[in-house]
Amino acid sequence: MTPLAFIAFLFILAAVVGLFSGGKAMTKAVNLISALASIGVCYLGILGFTNNPPSVTLSLFEGGSGITGLLGSLTLKVTPLSAFFLLILGVLSFSASLYGVSYMDMYRRDMRLYNVSYPLFLLFMMLTLLTQNLLWFIIFWELMTLFSQFLVAFERSERAVKAAFKYFCMTKAGADFMLLAIVLTIIKTAGTADYSGISQVLPSYLIHHPAETYAIAIGMLVGLGVKAAVVPLHSWLPDAYMEAPSNVSTLLSGVMEKIPVYMMFVVFLRFLPLDKYLGLGIALIGTLTLFFGTMYALKQTDSKRLLAYHSIGQIGYVILALGAGLYLLSRGDALLGAVALAASLYHAINHATFKGLLFLTAGSVAYRTGSRDLNYLGGLAKSMPITAFTALIGALSIAGMPPLNGFVSKWMIYASTLPTPTVLSLFGAFALFISSVTTASFVKYFTTMFTRPPLERIEVKEVPPTMWVPQAILAFVCLAFGIYPKLPLGLISKALKSAGVSVPALKTFPGIVIPNTGNIEPLAIFVVLLAFGTAFLALTHSKVVLPVWTTGTRKPLSMRLPASSYYASFEEEFEEVYSLGEWAGKAISSIWRGTKRLAVLYEVRSYQADLMMTASAVALLIMVLILGGASL
Amino acid sequence: MSLAGCIVNVIFAVIFAPLLDGLERKVKAKLQTRQGPPLVQTWFDLIKLFKRPSVTPSESIGWLFRLGPPIALASILTAFFFVPAVLPDSMRFWGDIIAFLYLMTLSTVAVTLGGFSSGNPYAQIGSHREVSLFMAEEFSLAFVIAALSVSVKSFTLSSLFPLPLKASALIGALLFAVLAYVSGARVPFDVSEAEPEIVEGPLIEYSGRQLALLKLSIYTKRLLLFTVFLNFFLRGSPAVRAIYYVIGLIVLSVIYSAIEASCGRFRTKDAVRFLKRFSVLGALCWLLALMGW
């Protein structure tokens with residue numbers, strides 16, 4: 001287990017080094033050490049797929065029973081499932097750390113908060129994935145949240161602090177729900193918190209106790225759902241992602257949002273028995289998430305806020321596929337169920353790569369121009385060609401265009417949902433529609449920043465290599481996972497097997513995955529035709545360059561639609577969606593006002609001791625009655 | 001031989017699509033009591049365009065602007081490999097509907113990105129409209145695809161050809177015909193190109209060979225949509241099938257151009273509203289399919 005110790009040492013070293021000084025050189029050192037450790041995380045992930053995955057058990061304190069017994073030993077183990085997510089973590093954190101070396105120059109202030117929080121955030125994400133004990137899991141989970149909160153608040157502006165506070169409150173409340181579910185789990189397993197112990201005992205018990213199953217499932221879903229930002233628990237996310245530095249947003253969206261997905265796989269595949277309604281419920285949540293997340297993303301005019309809303313939308317796809325897989329497996333459809341689960345994992349890694357890439361490009365643009373305003377930006381493709389090209393790859397990937405990775409996972413999601421004669425096909429139809437909204441939204445993202453003429457001339461140059469190389473790495477992964485889906489699918493089928501799902505042999509072609517027979521390579525045809533087309537145009541390329549045609553007037557046409565009115569006609573027609581969101585916002589704030597009024601009332605009444613005593617006694621009586629009724 | 005058959009299909013499509021456009025121009029002219037150009041006029045136009053060099057606008061993002069037309073045409077022609085056309089050969093695989101749909105999307109995206117990168121304000125307006133309409137269209141199309149695939153309980157295009165005699169399948173096919181009309185950028189829905197108002201929108205800055213490729217991609221896209229619709233009904237031996245196919249193309253072309261000649265253009269908002277309301281029919285069709293009718 002030396003690699004793990006070494007990686008943990010590097011992260012802690014980075015944090016300690018960063019503590020000494022808030023200077024720029026120190027931040028660079030912290031980022032470089034983190035990048036080095038991230039390579040180690042990748043290595044750990046690769047080791048997890050070998051026959052002899054690394055594992056370590058640390059004895060923290062001797063013996064004991066109860067809570068000390070449960071926490072007494074810390075087992076860290078790489079399973080194929082966690083190895084898959086470790087790979088996501090490794091690749092993304094390497095890119096983000098390397099990117100941070102130059103990017104953090106933007107901030108002229110004491111960097112100690114970043115220097116300490118950043119490596120520890122990475123370390124606790126890794127430990128959350130590695131631990132094999134539910135109690136340790138919640139501890140690492142909370143620490144991960146804590147350090148990510150510091151990173152969100154890093155800019156210390158009023159908005160950033162507010163966003164971090166909102167983020168903290170919501171995830172904290174969610175984690176409490178999860179804690180209740182974990183306590184219930186430990187009670188029902190007679191004091192085991194180990195994953196393997198739970199998976200041996202719990203499913204066979206719960207299969208006859210649906211009430212407990214739903215209680216654990218709902219507690220877990222709320223806790224994990226807040227972190228994964230499923231609608232309606234998502235409202236912290238756009239603020240938090242927008243305010244964090246871009247390389248941190250990359251990690252928040254690319255990795256931290258995937259950890260609840262990992263835990264959902266563990267909980268719903270290993271801990272809980274397969275349940276039809278649970279699967280359907282999760283799929284419904286996923287559909288709502290992808291629908292509302294993406295529809296709201298369409299309206300955004302801040303580059304990072306737009307990406308943040310899309311993070312909600314894309315996680316909806318992952319959760320829809322997970323729910324569909326659970327539902328299909330519980331109905332006995334092994335083939336489609338396995339394809340759906342594989343699609344879920346595939347989309348998770350795809351989302352990590354393309355969304356990570358897009359956040360980096362948004363950061364690069366902000367780094368050079370100092371602006372995230374899509375209404376203002378424009379025409380950057382000429383001065384920042386590499387960033388523009390990688391952003392185009394990212395935008396086309398998330399839109400699911402054929403030779404890129406988004407297409408493969410979306411294809412698998414549709415293939416497993418659309419043709420089933422159940423309500424799942426409706427969910428699939430919504431996913432298909434939302435895919436077109438995603439396309440539109442990224443046409444907007446790309447064209448507003450890079451292609452259309454700017455409002456005023458923006459004089460910038462390309463970002464330094466430490467910033468564009470991470471973008472190029474992620475763009476390459478996007479392309480490679482689209483053209484060669486066999487590689488991720490091999491890992492996914494191993495990961496799923498370790499979670500107890502047997503995956504049928506999937507045939508892969510460039511860009512296409514096929515469960516049974518197929519006879520062509522569609523991509524090959526596309527490439528041949530495209531090559532002919534471009535060759536034809538290149539051979540006959542003329543050097544004639546003329547100014548843009550302005551319908552005959554002498555002056556240039558200064559017509560330029562602002563980003564806010566890109567798809568105005570569409571948004572106006574689909575106003576219902578947005579008014580629903582507004583209505584929900586109003587409802588929540590009126591509940592909040594009501595609660596405040598109640599609290600004031602309580603404060604006033606609390607001076608009257610005997611009234612309070614009576615009220616408490618009545619409350620106690622009610623609780624005893626409920627508990628008594630529950631035990632009957 | 002499957003691949004050879006597919007290549008024949010594609011070649012036929014490339015040759016025949018401009019002729020079909022010529023026919024449509026003739027029909028529209030006759031309906032408006034004009035003489036109209038000869039059938040091969042569209043081909044003459046294309047040949048003329050192919051002979052001319054292309055001009056690059058000075059404010060454009062060159063590489064993106066030049067990549068637009070070949071990607072648009074290549075994706076449409078690749079989609080042709082998935083559907084049987086004049087010969088009953090096609091490349092079939094599980095889930096090819098999705099590959100088909102996304103290739104169509106790719107061609108739309110290529111045209112709009114080309115338009116946006118040309119630097120011309122009219123092209124931008126046209127591209128906004130194109131994408132708005134595309135989203136609304138996809139909203140209906142998603143339901144129709146779901147209805148059709150639930151109805152035949154399969155996910156290959158070849159299992160949809162021909163459709164079983166079920167209410168949901170047949171209604172789905174008719175709804176598809178309407179959507180084919182919409183995405184063929186025909187008159188009430190040609191908001192993105194709208195010649196009199198925004199002078200061909202995304203195409204405005206293209207010229208010469210690039211314009212020829214784009215025009216060809218529009219004609220072949222229309223032909224492709226006709227082909228999918230006809231395949232829902234075509235049966236029989238290859239020879240009979242081919243004859244019916246060509247007759248079907250001509251009939252559809254006449255009907256569509258007659259509708260086109262008698263309409264004015266929608267505003268973008270109205271077109272989107274139409275499609276949004278139309279999606280209710282798609283959802284009902286899906287419900288029918290779910291009930292097994």
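This is a predicted model: local features need pLDDT of at least 70, side-chain atom pairs count only at pLDDT 80 or more; totals for chains, interfaces and linings use all residues.

Biologist: Which domain does UniProt list for chain A?
Modeller: The unreviewed UniProt entry lists "NADH:quinone oxidoreductase/Mrp antiporter transmembrane" for residues 132-434 of chain A.

Biologist: How much helix and strand over residues 132-434 of chain A?
Modeller: That stretch is 79% helix and 0% strand. Its end C-alpha atoms are 37 Å apart.

Biologist: Switching to rings. How many aromatic pairs over all chains?
Modeller: The structure holds 41. One of them is Tyr181(B) with Tyr256(B), at 5.1 Å centre to centre. Their planes are at 70°, which makes the pair edge-to-face.

Biologist: Where do Tyr181(B) and Tyr256(B) sit in the chain?
Modeller: Tyr181(B) is in helix H7 (residues 167-183) of chain B, and Tyr256(B) is in helix H10 (residues 238-261) of chain B. They are 75 residues apart, so the pair links distant parts of the chain.

Biologist: Is Tyr181(B) buried or exposed?
Modeller: Buried, because its relative accessible area is 7%, under the 20% cut-off. Tyr256(B) is also at 7% and counts as buried.

Biologist: Which residues do ring pairs link into a cluster?
Modeller: Phe291(A), Phe292(A), Phe430(A), Phe433(A), Phe570(A), Phe574(A), Phe139(B) and Phe143(B).

Biologist: What sits over the ring of Phe574(A)?
Modeller: The charged end of Lys276(B), 5.7 Å from the ring centre. In chain A, Lys227(A) lies over the face of Trp141(A), 5.3 Å from the ring centre.

How values were computed
Residues are numbered from 1 along each chain as its sequence is written. Chains are lettered from A and ligands numbered from 1 in the order in which they are written. Side-chain values use heavy atoms; hydrogens and water are left out. UniProt positions are given in the numbering used here, feature names are shortened, and annotations may be inferred rather than shown by experiment. Helices (H or I, at least four residues) and strands (E, at least two) are DSSP runs, numbered from the N terminus. Rings of Phe, Tyr and Trp (its six-membered ring) pair if their centres lie within 6.5 Å; planes under 30 degrees apart count as stacked, over 60 as edge-to-face and the rest as tilted. Buried means under 20% relative accessible area, exposed over 50%, partly exposed in between (1.4 Å probe, protein chains only). A charge sits over a ring if NZ of Lys or CZ of Arg is within 6 Å of the ring centre and within 35 degrees of the ring normal.
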